[in-house]
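Let's explore a protein together, one question at a time. Have a look at the picture, and then we can go through its inner spaces and its ligand.

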Amino acid sequence: MAARTTTSGSGHEDEQMAAMRRLQVLSLHLLDPSSSSRSEGEGKEGLALAACAGKRRHASGGADAAAALAACLRGRHRDTQARVFEFFRARPDLQTPVELSTAAHRELCFRQLCALVREAGVRPLSLMASDPAEYFAVMEAAGGVDISLGVKLGVQYSLWGGSVINLGTKKHRDKFFDGIDKLDYPGCFAMTELHHGSNVQALQTTATFDPVTDEFIINTPNDGAIKWWIGNAALHGKFATVFARLILPLQGKGGEPADMGIHAFIVPIRDLETNAVLPGIEINDCGHKIGLNGVDNGALRFHSVRIPRDNLLNRFGDVSRDGKYTSSLPTINKRFAATLGELVGGRVGIAYSSVGVLKVSVTIAVRYALLRHQFGPPKQPEISVLDYQSHQHKLMPMLASSYAFHFATLSLVDKYSEMKKTNDEDVIADVHVLSSGLKAYITSYTAKSISVCRESCGGHGYAAVNRFGALRNDHDIFQTFEGDNTVLLQQVAGDLLKQYQEKFKGGTLSVTWNYLRDSMGTYLSQPNPVTARWEGEDHLRDPNFQLDAFRYRTSRLLQSVAARLQKHNKTLGGFGAWNRCLNHLLTLAESHIESVILAKFIEAVKRCPDEKTRELLKLVCDLYALDRIWKDIGTYRNVDYVAPNKAKAIHKLADYLSYQVRLVAQELVDAFDLPDLIIRAPIGMQSEAYAQYTQFVGF
Ligand SMILES: Cc1cc2nc3c(=O)[nH]c(=O)nc-3n(C[C@H](O)[C@H](O)[C@H](O)COP(=O)(O)OP(=O)(O)OC[C@H]3O[C@@H](n4cnc5c(N)ncnc54)[C@H](O)[C@@H]3O)c2cc1C
């Protein structure tokens, strides 16, 4: 039911006038951080300025600014993405309609993937092997067409294909690479079981070697070990990489079976010709989900299914014909870490694609906020809702975050490519932790932001055609699959603590962590009482101050949690102490990731060759930094890193920068360069948004 905001009668008019006066006072804050002391007359002028801010933007050459910004944002593979967009634009039969049954969505999603590979000629696995950055660009573009398509592609190539390439050896690549690449061998990645998801080391499916027949026997020992949620399993998968405990009969103590830990095996699950499920395998459909219904998730049970010994993906551990186990890695834990470590590509793809979803949501919300006019000063035109301070507060830091995440994930993708090329141990360690941290941080942020975007579009944000429902539901699970976010952040915290201990042992720190070496000495001492009071705009907008603030917080959190863990360890043991400090550890991990994101943004601003564009990016970067500092101001105040006057100045400046960013908000979203096919929401169109919306409902 719509709430009535327009009323008639003089009493209501008085109320409206009073409301307008309140808005005028509020609008003063839009213009200048020091405006709170202005007179009422000055306030009127301020509101008028705010109301025509959009016009001012166009007069200053908005399209040129957007084009220059877009050039600065372009990843190396924007052209590849444009080709994907063009392919789908020309094929209305492959575009996802607003309403679709689960069955129809799954069928369409598979057709979309087949067409991308077989008709558009995209070869995702070859791209992943030759240039991972291009592969991730394709994945993000596919996710723009339909998030289900991006995930289906990810299951086939990052997970099924990635496991064969990265955990197998030449014989597996020779046999499977082309079939996977051309989609002749659609496959699954069967890790999760009904009873265990995050705790992969506790999986119970077994793969027992039979030396008589030279085979492994894949078995589901109990219902808790049924493979669950497996993408591509319900309908289309012909093979699965199954994660199971490798058991060698008679080789344990006293002739018992030896459990060699979790390994990966290629298991055919359906007939290549008929698609019939193979003997000994039961497959059931996980059913309708709250999102991502283009992906067919299934549950698998194995009844002593025999596969050749060669189907063990044997890069990190092998079994010889006579049943002897060999590995270059000495322990089960090391082999497990190496196996999971090879799967980080999926996480990189999820982080990157999540930024794509955030950009779409923010674009729709910002364009609509500029278009939507509600209320205004007496006898003057209504103003755009983006001219309300509250709206800027909701959307502008989010827009700034989209930029920050854009640069952070591009840099993660580059680092991942470097890791694949060099196999350098420091880079490997860096990518592992960064991919976990960025995936967790960005997907959580995006999930929350989509709801804010929906709300900021009022009732029209609730129409399915305007996308927020699908974006929110399809993206939501990004927080859980490819590693639950809370679990991933603990890996980041664990690594920071390891580095901290290394530091005190005189060891070296990996590249991204270098700042800790410089900062520890400084930050273990008390904050400087003089700089704690500095409140000038130049100082607050100095990247050195901003980075210092982020890093100071991380260093303090690291130092204090290390001390707490040590204390609790004595009484609670390692596991209990970790749990006692868990929230502290999660805050530490987020704090570190925020400082990495800011550092990448600052680098990107410095790199930007065009001066005007650089200034614009700097503005957005300053908003990202100061908004984050303000949101955590309690922490900074607690340790006197900022004095009360400085805290107030940060708050005012963050609001002012939100206003400044609002003035260029349209250019900032246009610079994402997302075609209408990807935005799709009528209210988010660059032009004629209302007309497109009324047309959609039949006028
Ligand atoms: C749509 C979809 C598609 C999927 N596709 C696949 C696929 O193709 N292949 C595959 O193998 N799997 C797949 N999965 C499974 C997915 O990877 C798991 O759901 C995920 O790893 C989390 O495991 P879980 O569900 O068992 O959660 P749990 O680990 O049981 O977590 C439940 C809750 O407990 C919390 N928790 C768990 N451990 C800790 C801890 N140590 N500290 C603090 N909190 C903790 C978590 O934060 C979470 O809130 C898919 C899942 C879905 C829903």
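Q: How much space lies in the largest cavity?
A: Keep in mind that this is a predicted model. The structure holds four cavities of 30 Å³ or more. For the largest cavity, the space comes to about 80 Å³.

Q: Which elements give two or more residues to the lining of the largest cavity?
A: Start with the residues around this space: among them are Leu-167, His-263, Ala-264, Arg-335 and Thr-339. Now look for elements that supply at least two of the lining residues. Those elements are β6 (258-268) and α11 (332-341).

Q: How many residues of the lining of the largest cavity are charged?
A: The lining includes Leu-313, Phe-316, Gly-317, Tyr-325 and Arg-335. Arg counts as charged. The classes come out as five nonpolar and three polar residues, and the number of charged ones is one.

Q: Which residues that line the second largest cavity are the closest to its centre?
A: This second space has a volume of about 70 Å³. Its lining is made of 13 residues, and the ones closest to the centre are Ser-158, Asn-166, Gly-345, Gly-346 and Tyr-416.

Q: Which element gives the largest share of the lining of the second largest cavity?
A: Three helices each supply at least two residues here: α8 (132-145), α9 (147-167) and α12 (344-371). By class, this lining has seven nonpolar, five polar and one charged residues. The largest share is four residues, and the element that supplies them is α9.

Q: What is the distance from an oxygen atom of the ligand to a polar side-chain atom of Ser-198?
A: Let's turn to the ligand, which has 17 residues around it. Ser-198 is one of those that come nearest, along with Phe-189, Thr-192, Trp-229 and Asp-484. Between the polar side-chain atom of Ser-198 and a ligand oxygen, the distance is 2.5 Å.

Q: Which elements give two or more residues to the shell around the ligand?
A: The shell divides into seven nonpolar, eight polar and two charged residues. One of its nearest members is Trp-229. The elements that give at least two residues are β4 (227-231) and α16 (485-504).

Methods: Residues are numbered from 1 along each chain as its sequence is written. Side-chain values use heavy atoms; hydrogens and water are left out. A residue is near a molecule or strand if one of its heavy atoms lies within 4 Å of it. A polar contact is a pair of N or O atoms within 3.5 Å; within protein, one must be able to donate a hydrogen and the other to accept it, and residues adjacent in sequence count only if both atoms are side-chain atoms. On a 1 Å grid over the protein atoms alone, a cavity is a set of points where a 1.4 Å probe fits but cannot get out, and a pocket is an open set with protein on both sides within 12 Å along at least five of seven lines; lining residues have an atom within 4 Å of a point. Grid points are joined across faces, edges and corners, and a volume is the space filled by probe spheres set on the points.
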